[in-house]
Amino acid sequence: MSNYSIDTNCVQAGYTPGNGEPRQIPIVQSTTFKYSTGEEMGKLFDLEAAGYFYTRLQNPTNDYVAAKICTLEGGTAAMLTSSGQAANFFALFNICGCGDHIVASSSIYGGTFNLISVTMAKMGIEATFVSPTCTDEELNAAFRENTKAVFGETIANPALTVLDIEQFAKAAHAHGVPLIVDNTFATPVNCRPFEWGADIVTHSTTKYLDGHGAAVGGAIVDSGNFDWMAHKDKYPGLCTPDESYHGITYAEKFGNAGAFITKCTSQLMRDFGSIQSPQNAFYLNLGLESLHVRMQRHCENGQAVAEFLSKHPKVTSVSFCGLPGDPYHERALKYLPNGSCGVVSFEIEGGREAASTFMNSLKLAAIETHVADARSCCLNPATTTHRQMTDEQLAAAGVPAGLVRMSCGLESAEDLIADIAQALDKI
Ligand SMILES: *Cc1c(COP(=O)(O)O)cnc(C)c1O
């Protein structure tokens with residue numbers, strides 16, 4: 001399907017039924033799969049043959065949907081996970097272990113910041129956080145001998161900073177490590193990080209890809225571009241025999257195109273079991289079928305709301321890279337020429353209290369720990385998703401205490417703006 005436009009691939013990639021087969025992807029609601037001989041099944045356990053044996057590792061429904069996301073991102077292999085958190089953890093832990101080091105943008109989702117700075121630190125994996133506006137020198141200085149990955153978000157949640165993917169990819173490659181980009185907010189409709197040098201893409205499919213707030217999920221996609229064997233010493237897990245699979249060397253057996261996802265599935269899914277349920281994968285696919293249509297409206301609504309807020313006297317600042325005055329506007333023109341997303345962050349005069357009066361007065365946008373679905377919603381990150389962070393960490397992440405994050409849904413822009421206007425009047 002890769003020759004078709006992304007619009008067509010949103011609708012049709014990943015699953016092509018044969019004669020008399022279901023037009024919609026079948027939900028294979030089965031934990032296990034039947035074989036006639038033990039020898040046939042044994043080959044699956046040795047990774048000698050491809051096939052299904054247990055849904056914790058692979059399920060056909062999940063694979064159809066992973067294949068669609070893989071096509072949308074322009075990758076060579078992909079897998080679904082139970083959540084975006086699991087996707088980012090797996091993507092990093094697949095190539096980092098105790099004694100290793102990660103370079104990450106400081107402007108990332110609070111959950112991922114916690115994962116890297118607290119939980120992975122407990123596992124002996126250290127991290128250095130760099131500003132998304134760092135110079136090449138500052139970025140290069142963050143690397144160490146034991147650095148194994150670089151991580152950032154195309155459009156950061158909730159700071160809405162735009163990653164200079166080329167800059168981060170160049171630095172990563174100069175140090176012989178891959179760049180992992182969480183592309184949740186931009187979606188492949190608006191940016192495909194592989195085209196700018198990223199090596200691995202992750203998603204919280206919970207957001208725009210599902211788009212209806214129906215199912216938590218994640219995805220990992222490999223570009224197939226990173227040459228693991230050229231950096232053999234750094235990646236023994238991919239480049240030396242895996243004793244838990246009878247001495248298979250992933251990078252040799254599956255090549256650059258397949259090694260990362262095969263190892264991630266056969267080791268991390270096997271051992272940690274963060275699978276997406278086939279039912280949720282089905283919901284995710286329903287969302288993907290309209291992703292290209294929805295993203296356009298999300299972006300239009302985000303733009304209209306951002307423009308309205310930027311002219312309002314009670315609003316002190318607005319972050320939305322589609323606004324010409326936004327510090328990330330130039331980067332957005334390069335990386336997100338067709339639009340960014342429907343999420344707008346802004347600070348209201350009067351800090352936390354004014355923000356709370358405003359949010360409590362909204363009628364259309366509900367207060368939710370969520371973004372990126374069909375219904376508009378809003379949140380004060382400092383008191384919710386980012387409450388583990390200190391004021392210094394909040395500032396470094398670009399999330400001041402009085403910030404409101406508004407996710408513009410698919411409603412009419414006029415209705416959204418009228419609702420925001422009346423809520424601002426209540427302050
Ligand atoms: C929501 C989110 C996550 C975490 O995803 P879950 O599906 O909630 O686990 C990771 N990264 C970004 C950018 C997100 O917005």
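**A loop threonine and a helix pair**

Me: Where does T55 lie?
Reply: This is a predicted model, in which local features need pLDDT of at least 70, side-chain atom pairs count only at pLDDT 80 or more, and totals for chains, interfaces and linings use all residues. Residues are numbered from 1 along each chain as its sequence is written, and side-chain values use heavy atoms, with hydrogens and water left out. Helices are DSSP runs (H or I, at least four residues), numbered from the N terminus. T55 is in the loop between α2 (38-45) and α3 (60-73).

Me: Is T55 buried or exposed?
Reply: Buried means under 20% relative accessible area, exposed over 50%, and partly exposed in between (1.4 Å probe, protein chains only). T55 has a relative accessible area of 8%, so T55 is buried.

Me: Which residues does T55 touch, not counting those up to four places away in sequence?
Reply: Contact means heavy atoms within 4.5 Å. With residues up to four places away not counted, T55 touches S30, T31, F33, I275 and P278.

Me: Is α4 roughly parallel or oblique to α5?
Reply: Axes are lines fitted to C-alpha atoms, for helices over the stretch in contact, and angles run from 0 to 180 degrees between N-to-C directions. Angles under 35 degrees count as roughly parallel, over 145 as roughly antiparallel, 65 to 115 as roughly perpendicular and the rest as oblique. Helix α4 (residues 84-93) packs on helix α5 (residues 110-122) at about 45°, their axes 10 Å apart. Therefore α4 is oblique to α5.

Conventions. Helix = DSSP H or I, 4+ residues; strand = E, 2+ residues; numbered from the N terminus.
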